[in-house]
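Here is a briefing on one protein model.

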Amino acid sequence: MEARTEPAKAEPAGIRRPPLVRELLLVAGLFLVYKLGRQLATGHSAEAFQNARHVWDWERALHLPGEGAVQSALVHSDTAIHFANTYYATVHFPATVAFLVWLYLRRPTHYVWARRVLALVTGAALVIHLTFPLAPPRLLGEAGLIDTGQVFGPTVYGASPEADTLSNQFAAMPSLHFGWALMVAVGLIVATRSRWRWLWLLHPLVTLLVIVGTANHYWLDAIVASALLGIALAVVHLPHRTESTAGQGSRLAPVDEPVLVGAGR
């Protein structure tokens, strides 16, 4: 999407970027902890499918639209379904990394804020993955959906959860694909002033249609991810200019003081 990401304001001279090496080690370490935690959550097949049936029934009780309607629209076009599968497989991590890199280079205050929010959301998601294993709709017979990645390609998962040694296929709730995409949009809207900045909301919108249409997630997975992000945004405030220095334009509230402990990326 083409939306300019112009800085909302020039960063005051008193703001310094966090040390690059420290940030790389921190983000990489948190990512490894998260991946390890997801691997610890593998197995639990019976519980994962039981939870999936509960989620499916809850969605019907809430009269949420069927995931099948989105998938049917996608599979009627080879271009659309291949785009959806490719988007799911390739955009999630690179888009989030590019978002953090841009903020680090251009908006260091917003970078620290965004990194903390993402860490809190991801850490909370890991706890849910460990305590509420959930089979995705593509594995749930009652859903009547197909695994579009396996059928049309490309896919990031093995043919079966038991044979997949690289990822945990029972970590559907919440959807970090959607949670991270929504944070990318929110972060860029907050950090930029372009009149086109609201177009960044297309990223989470497309992500939502992709994760549902490919049967990798339920609607409720995205709803829970949105709720976690809302809580994180309420807890982690963007540092702002203090009253005493607001007229000087040279110092902001400290951005390097730790405010969260134990959240994973």
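Where is the place of Pro154? Pro154 is in the loop between α7 (148–152) and α8 (176–191). This is a predicted model: local features need pLDDT of at least 70, side-chain atom pairs count only at pLDDT 80 or more, and totals for chains, interfaces and linings use all residues. Residues are numbered from 1 along each chain as its sequence is written, and side-chain values use heavy atoms, with hydrogens and water left out.

**Backbone geometry**

- Most residues other than glycine have a negative phi, and most peptide bonds are trans.
- The peptide bond from Gly153 to Pro154 is cis, with omega near -10°.
- A cis peptide bond also runs from Met173 to Pro174, with omega near -10°. Pro174 is found in the loop between α7 and α8.
- His63 is not a glycine, yet has a positive phi of about 60°. His63 sits in the loop between α2 (45–61) and α3 (67–75). It counts as exposed because its relative accessibility is 70% (buried means under 20% relative accessible area, exposed over 50%, partly exposed in between, with a 1.4 Å probe and protein chains only).
- Ala215 is not a glycine either, and has a positive phi of about 65°. Its place is the loop between α9 and α10 (219–235). Ala215 is buried, because its relative accessible area is 0%.

**Fold and packing**

- The protein chain has 10 helices and 0 strands. Helices (H or I, at least four residues) and strands (E, at least two) are DSSP runs, numbered from the N terminus.
- Along the sequence the pattern is α-α-α-α-α-α-α-α-α-α.
- Of the 265 residues of the protein chain, 47% count as buried.
- Contact means heavy atoms within 4.5 Å. Among contacts with a separation of 6 or more, 84% come from residues 24 or more positions apart.

**Helix α8**

- α8 is mostly covered, with 14 of its 16 residues buried.
- The expected span of a helix is 1.5 Å times one less than its number of residues. The 16 residues of α8 should therefore span 22 Å, and its end C-alpha atoms are 22 Å apart, which agrees.
- Leu188 lies in helix α8. With 6% relative accessibility, Leu188 counts as buried.
- Leu188 and Leu199 are 11 residues apart along the chain, and their C-alpha atoms are separated by 10.0 Å.

**Surface**

- The protein chain exposes about 13,000 Å², and carbon and sulfur atoms supply 65% of it. Accessible areas come from the Shrake-Rupley method with a 1.4 Å probe; for residues, only the protein chains shown count as cover.
- Trp196, Leu199, Leu202, Leu205 and Leu209 form a nonpolar surface patch, with about 440 Å² of accessible area together.
- Patches are made of residues with over 30% relative accessible area and no salt bridge; like charges are joined within 9 Å, nonpolar side chains (Val, Leu, Ile, Met, Phe, Trp, Tyr) within 5 Å. A salt bridge is a side-chain nitrogen of Lys or Arg within 4 Å of a carboxyl oxygen of Asp or Glu.
- Leu202 is in helix α9 (residues 202–213). At 39% relative accessibility, Leu202 counts as partly exposed.

**Confidence**

- pLDDT is the predictor's confidence in each residue, from 0 to 100. The protein chain averages 83, and 79% of the residues score at least 70.
- Among the elements, helix α1 (residues 20–40) has the lowest mean pLDDT (76) and α9 the highest (98).
- Over residues 241–265, pLDDT stays under 50. The model has 57 contacts beyond four places in sequence for residues 241–265.
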